[in-house]
Amino acid sequence: MLLRHIRYFLAVAEHRNFTHAAQALHVSQPTLSQQIRQLEDMLGVTLFDRSGRTVRLTEFGDTYARHARAALHELDAGQRALHDVADLTSGTLRLAMTPTFTAYLIGSLVDAFNARYPQVALTVSEMPQERIEALLADDALDAGFAFAPSRAPEIDATPLWDETLALVVGRAHRHARRRRPLTPAALHDEPLILLSRAFETRDSIDAYFAQHRAAPRVALEVNSISAILELVRSGRLATVLPDAIARASGDLCALQLEPALPSRTAALLTRRGAYRSVAARAFVDSALAYRDAYDAPRALARRKANAEGGARESGRNPGRNPARGGGDQAPGVGK
């Protein structure tokens, strides 16, 4: 049975005349009559009483017409729903992210997407990267935020930005106004509140201090970033978290250490070759636009620092001719 059969049937039922129905459908009457006969043969019943001057529905036809109209209404509604999804006036989006991202992405990227597409139903879950990749592979998520490279071969990791760790303090902390970097040794007596060892970020922190033979005083270990931030805002404790968290908050400061704390490449995770819904495509575009806006100030700062460094170098070597090489050799030349 084809949808055409149902539409032809309902047209004859409405007009009660094969000729008029054929004209409305822009088909010939013999073609229409043939299609109705085919439908009756498929159903095994007579749908129309053709014995009078007008065509009328039989009791079978009357029952079938009610269901056929309801089916067409549902199909038409489905077609309209497709347009709604294409226009992002409906749809769903399933996201997940590792814990450090929730502290600064929920209130910026995710909130902006929701404000732009309020009819798209969003679900956001917090979980380890291993779990994110497993759910992406099972098509239980549309996208995730974690770090590059991915661990599973079927997961694509699109680089977003470098997530740099920093010493994060509240505005009332004694180091809040400090501009010069601290050394790891300077934190020997500094009470810290850190993520528990269940977090990968803690592994990076511990490895950094071990590498530089420093043993800071860990006053508290917590498995909730929001709890850490609440305690840090009080002013007494410091923590180590991505500097983006401090930049996203007006009451936190990010302090640098020398040598610098490690950085990681934040990435948007998706399943390679997976069907991507309209909402998912729109979110990926939003994430890439957010990446460009996020990295622009950093790129400008890097260019400024490079320019200032070049100016200082020129001031220290006023007679140097780069083209001729001068007296300075590149590292390793002649050694």
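A salt bridge here is a side-chain nitrogen of Lys or Arg within 4 Å of a carboxyl oxygen of Asp or Glu. By that rule, a search of the whole structure turns up 19 salt bridges. Side chains of opposite charge can pair when their charged atoms come close.

This is a predicted model, where local features need pLDDT of at least 70, side-chain atom pairs count only at pLDDT 80 or more, and totals for chains, interfaces and linings use all residues. Residues are numbered from 1 along each chain as its sequence is written, and side-chain values use heavy atoms, with hydrogens and water left out.

**A pair within a helix**
- R66 and D62 form a salt bridge, with their closest N and O atoms 3.1 Å apart.
- Both belong to helix α4 (residues 59-86), and they sit four residues apart, so about one helical turn separates them. (Helices are DSSP runs of H or I, at least four residues; strands are runs of E, at least two; both are numbered from the N terminus.)

- R272 meets D156 in a salt bridge, 2.7 Å from N to O.
- R272 lies in the loop between β11 (263-271) and α10 (278-316), while D156 is in strand β6 (residues 155-170), 116 residues apart.

**How exposed are R56 and D49?**
- R56 pairs with D49, their closest N and O atoms being 3.2 Å apart.
- R56 is partly exposed at 49% relative accessibility, and D49 is partly exposed at 22%. (Buried means under 20% relative accessible area, exposed over 50%, partly exposed in between, using a 1.4 Å probe and protein chains only.)
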